[in-house]
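I am opening a notebook on this structure, and I will write down what I looked up and in which order.

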Amino acid sequence: MSLEIRRASAADLDAIDQVEQQSFSGEKFSRRQLRYLLTQAQAATWLAFSEELAVGYCIGLLPHISRPARLYSLAVLPVGRGQGIGSALIQQFIDTAMTRGYQRARLEVSEKNTIARRLYEQQGFADIKTLPDYYQPGEHGLRMQRFLAC
């Protein structure tokens, strides 16, 4: 499998939306939200391709430098899972945050999503806070953080 990761632009909205729709069964970003993240937010988005097919994306929020960078969304098509695509996308986010001088990176994940939690732990993130009812009543979230060596 050849993997190419590049910075996404507004022209990639269809591809990112398609990955979003095929990756999640519950709450999803709307096209409008994705367009905003691609064009107006203090964010960076990366798109992963395998054999010219978009197989994953990562959105990182990059607020004022005094705040942590935030891994806002990560999605990999079911066909691409377990192949290192998620790790490669996270690394793009981390590299960008470090280059821009961020000291910390954070994310939120469902307490029940053990596969994603394991991936984030492998990338150096650790639990720092439980977020009761973060996703919906009874579905708690976890805030995870990684310190960045700049």
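I began with α2, where the buried residues are Leu34, Leu37 and Leu38. These residues cover an arc of only 100° around the axis, which puts them on the same side of α2. I take buried to mean under 20% relative accessible area, exposed over 50%, and partly exposed in between, with a 1.4 Å probe and protein chains only. The arc is that of the directions from the helix axis to the C-beta atoms, and helices (H or I, at least four residues) and strands (E, at least two) are DSSP runs numbered from the N terminus.

I note for the whole notebook that this is a predicted model, in which local features need pLDDT of at least 70 and side-chain atom pairs count only at pLDDT 80 or more, while totals for chains, interfaces and linings use all residues. Residues are numbered from 1 along each chain as its sequence is written, and side-chain values use heavy atoms, with hydrogens and water left out.

Against what do the buried residues of α2 pack? I found α1, β2 (43-50), β3 (53-61) and β4 as their partners, where contact means heavy atoms within 4.5 Å.

I then turned to α1, in which Leu13, Ile16, Asp17, Val19, Glu20 and Ser23 are buried. They cover an arc of only 160° around the axis, and this puts them on the same side of α1. The buried residues of α1 pack against α2, β2, β3 and β4. As a reminder to myself, an α-helix has 3.6 residues a turn, so residues three or four places apart point the same way.

I looked up Gln92, which lies in helix α3 and counts as partly exposed because its relative accessibility is 29%. Leaving aside neighbours within four places in sequence, Gln92 is in contact with Ile5 and Trp46. I also noted that the C-alpha atoms of Gln92 and Cys58 are separated by 8.6 Å, the two residues being 34 apart along the chain.

**Entry: the loop between β2 and β3**

Glu51 lies in the loop between β2 and β3, and I found its phi near 50°, a positive value in a residue other than glycine. Glu52 lies in that loop between β2 and β3 as well, with phi near 70°, again positive in a residue other than glycine. Glu51 counts as exposed at 60% relative accessibility, and Glu52 counts as exposed at 78%.

**Entry: aromatic rings**

How many aromatic pairs does a search of the whole structure find? I recorded 3, using the rule that rings of Phe, Tyr and Trp (its six-membered ring) pair if their centres lie within 6.5 Å, with planes under 30 degrees apart counted as stacked, over 60 as edge-to-face and the rest as tilted. One of them joins Phe29 and Tyr72 and is tilted, at 5.6 Å centre to centre and 35° between the planes. This pair links distant parts of the chain, since Phe29 is in the loop between α1 and α2 (31-39) and Tyr72 is in strand β4, 43 residues apart. Phe29 counts as buried at 16% relative accessibility, whereas Tyr72 counts as partly exposed at 33%.

Another pair is that of Tyr120 and Phe125, which is edge-to-face because the ring centres are 6.2 Å apart and the planes stand at 70°. Tyr120 counts as buried at 8% relative accessibility, and Phe125 is buried with a relative accessible area of 3%.

**Entry: the largest pocket**

Of the 38 residues that line the largest pocket, the closest to its centre are Phe24, Leu74, Val109, Asn113 and Tyr120. On a 1 Å grid over the protein atoms alone, a pocket is an open set of points where a 1.4 Å probe fits, with protein on both sides within 12 Å along at least five of seven lines, and lining residues have an atom within 4 Å of a point.
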